[in-house]
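I opened the model to look up a few contacts and the open space. My entries follow.

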Amino acid sequence: MIVGVPGRDGTDAMMDFVEQRGVATIPHVPDGSGDLWRDYGVRGQPAWVIVPADGSDPSLVFGELGEEQFANYVAS
């Protein structure tokens, strides 16, 4: 499952981000307190926290991911 966490702004800013990026098909949750970003070590966008299905240690990837790179993370 993919969930977007587009920063520490409020819900209105999050919805603007989702609309501008054309990513409305992905569920998004606000992180107003910054707890999710802090817990996973995210310092800015774009960043990806990839949590394996088995719950093992997540990977943190900064920067854009191309389609092939993203597919490789999902497949592993």
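**Salt bridge**

I found D35 and R38 joined by their side chains in a salt bridge, 2.3 Å from N to O. The rule I used asks for a side-chain nitrogen of Lys or Arg within 4 Å of a carboxyl oxygen of Asp or Glu, and by it the count is 1 salt bridge. The model is predicted: local features need pLDDT of at least 70 and side-chain atom pairs pLDDT 80 or more, while totals for chains, interfaces and linings use all residues. Residues are numbered from 1 along each chain as its sequence is written, and side-chain values use heavy atoms, without hydrogens and water.

I placed D35 and R38 in helix 2, 3 residues apart, about one turn of the helix. Helices are DSSP runs of H or I with at least four residues, and strands are runs of E with at least two, numbered from the N terminus. D35 is partly exposed at 38% relative accessibility; R38 is exposed at 52%. My cut-offs were under 20% for buried, over 50% for exposed and partly exposed in between, with a 1.4 Å probe and protein chains only.

**D31**

I then checked D31, in the loop between helix 1 (11-21) and helix 2 (35-40). D31 counts as buried because its relative accessibility is 4%. Its side chain reaches the backbone nitrogen of L36 at 3.2 Å and the backbone nitrogen of W37 at 3.0 Å.

Note on methods
A polar contact is a pair of N or O atoms within 3.5 Å; within protein, one must be able to donate a hydrogen and the other to accept it, and residues adjacent in sequence count only if both atoms are side-chain atoms.
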